[in-house]
Each structure stands twice: as structure tokens, then as C-alpha cells.
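Open the model in your viewer and keep the selection panel at hand. The stops below go from one selection to the next.

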Amino acid sequence: MNRQQLIEQIKEKRTFLCVGLDTDLKKIPQHLLEDDDPIFAFNRAIIDATADYCVAYKPNLAFYEAFGVKGMVSFEKTIQYLHQHYPNHFIIADAKRGDIGNTSAMYARTFFEEYNIDSLTVAPYMGEDSVTPFLGYDGHWVILLALTSNKGSHDFQLTEDAQGQRLFEKVLQTSQQWGTKDNMMYVVGATQGRMFEDIRRLVPDHFLLVPGVGAQGGSLEEVCRYGMNADCGLLVNSSRGIIYASNGEDFAEVAAQKAQELRDQMDAELKKAGL
């Protein structure tokens, strides 16, 4: 999916919601454990319930790799289901890959050729040659970690060099030499608040993937106030707040209600911004 197609989906559906598929067998409704593939059964139900209220899905690879081959089969079935039934939804593989060039090239082949996923989260720490192999695929995106929502993000990301430039700012500045607003996004945690102003000064036009709204306490209104641009420029992710809103047999119905609530809030923010 290219940039214009993503923008059109956001404006047409009046939402920039991304639903995180962080599927944990210890948290899904117990009756699903009787299914031959409970992870996929859960994902399919969540997708069908929330598809009208979101533009993207983000399976986190850790929740599938934890179950070995069976987990990866569930992941592959989930991706195939999205391609077959919801081809206009943007798919993010949250894998946080990044290694020496030839290894990154193999990761890129896995996600962009084998699975044909729209985008992949990538760690920037090893520099240009670890990121550029992912950028050679038309219609596919790198989503580079910039300023994350976890407590430990301050350990490195906010450290300053001798000129007072913070590490996340160095990542934003330098990485623009590798990719463009058409093939690179950045992860910025919703809990960072007014830091979005600093980020937008450096990357005014790029899309931002924003986790941390909901269970992690991030404010959607604050994210939009400081982070939204003329094209919206945001994909706001919610995982636990939607998919685990109920652990009963009504889990999909409740997930739909939570996704609709966020969609309605997002519609209001888009209108406020004149979009």
C-alpha cells in the first residue's frame, strides 16, 4: 500500500486506528482453546469485529514465535486471511528487526516477499546498512523506532551529545537520508505528549505509528494536538484495550464496541483538523 492509498483509507473510513494483534493464549477466552488453532480463531474473530473501525492491523511477532512452528502457522494464516478478506487494510509486522546488511536483506525477503506485508518495524541502532535493505521494495514501508513509550526509553533515546542533540533526534535526522515520507514511518509512543512537537519539527510530513493509547495511558487528544499533520500522518495503535476488553464469549462484540469508540474519537479529531 502506498502513501496516497493509506491517506485515502483514513479519510474514507474516518479513522486512523491500528488494532494490535498481540494474541496471548493465557488471555484469550477459554472456550477458544478447544479450537484446533485458537490463536487464529481469536484473530479472525477480532478482525471481523473491528475491520470497519480501523485501517491497519499490527501482529506482534513475539506472540507467535513463542509457540514455535504452530505459532508461525497461526501468524501466516492471519496474514492470508487479511489479504483475502480485507485487502485494503494496512498490515504492520511488529518484529523490530535490524542486523548487518545481508541478514536484514533476508528479513526483508521474509516479510515483503514471502508474507507480502505492507510494513515492518525496524531498529535503527546498527545504522544505514542495516536499514536500507528493507527500503528496496516498492509499496512497502520501514517503520523505524524513534521515541518509544516504555519506561526504559529514557535510558538511551533522550541522551544528548555534546551539541545538545538527543539520540532520537539524531535517528530522525539521519534516517531521512535513507528513506522518504513515502516509504518510512517512525514509532513514537503516545505517552511522550508534547515531545511530538519536537518530532514534527524534524519530520513534519512522515507518518508516525503511535502505540500506547489505552492500556498504557496515552492520550489520543494530546497525540492529535501535537502530532497530526495535513494528511493526518498518524496510525494510532491499541492492542490490549480492544482485544482483551472481554474474556467471555462476547469478546468480539466488546472489541468492536471499543474499536468503534476510538473510531468516533478519531473522526472528531479529523474534523477538528479540517480533514
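**Aromatic pairs and the core**

Start by selecting Trp141, which counts as buried at 0% relative accessibility. The model is a predicted one.

How many aromatic pairs does the structure hold? The count is nine. For another of them, select Phe42 and Tyr244: their ring centres are 5.9 Å apart with the planes at 25°, so the pair is stacked.

Next, select Tyr64, Phe75, Phe111 and Tyr115, which make up one aromatic cluster. In the largest nonpolar core, which has 93 residues, Phe16, Phe111 and Leu234 touch the most other members. The element that gives the most to this core is α12, with eight residues.

Now centre on Phe16 and show its surroundings. Leaving aside neighbours within four places in sequence, its contacts include Ile10, Val55, Leu220, Met228, Cys232, Leu234, Met266 and Leu270.

From Phe16, move to its contact Cys232. Cys232 lies in the loop between α10 (220–227) and β8 (234–238). Its relative accessible area is 1%, so Cys232 is buried. Phi of Cys232 is near 85°, a positive value in a residue other than glycine.

Then select Lys96, in strand β3. Phi of Lys96 is positive too, near 50°, and this residue is likewise not glycine. Is Lys96 buried or partly exposed? With a relative accessible area of 42%, Lys96 is partly exposed.

**A surface patch**

Finish at the surface by selecting Ile100, Tyr125 and Met126. These residues form a nonpolar patch with about 390 Å² of accessible area together. Tyr125 is in the loop between β4 (119–122) and α6 (128–131). At a relative accessible area of 79%, Tyr125 is exposed.

Methods. Residues are numbered from 1 along each chain as its sequence is written. This is a predicted model: local features need pLDDT of at least 70, side-chain atom pairs count only at pLDDT 80 or more; totals for chains, interfaces and linings use all residues. Side-chain values use heavy atoms; hydrogens and water are left out. Rings of Phe, Tyr and Trp (its six-membered ring) pair if their centres lie within 6.5 Å; planes under 30 degrees apart count as stacked, over 60 as edge-to-face and the rest as tilted. Buried means under 20% relative accessible area, exposed over 50%, partly exposed in between (1.4 Å probe, protein chains only). A nonpolar core is a set of buried Ala, Val, Leu, Ile, Met, Phe, Trp, Tyr and Cys residues joined through side-chain atoms within 4.5 Å. Helices (H or I, at least four residues) and strands (E, at least two) are DSSP runs, numbered from the N terminus. Contact means heavy atoms within 4.5 Å. Patches are made of residues with over 30% relative accessible area and no salt bridge: like charges are joined within 9 Å, nonpolar side chains (Val, Leu, Ile, Met, Phe, Trp, Tyr) within 5 Å. Accessible areas come from the Shrake-Rupley method with a 1.4 Å probe; for residues, only the protein chains shown count as cover. A salt bridge is a side-chain nitrogen of Lys or Arg within 4 Å of a carboxyl oxygen of Asp or Glu.
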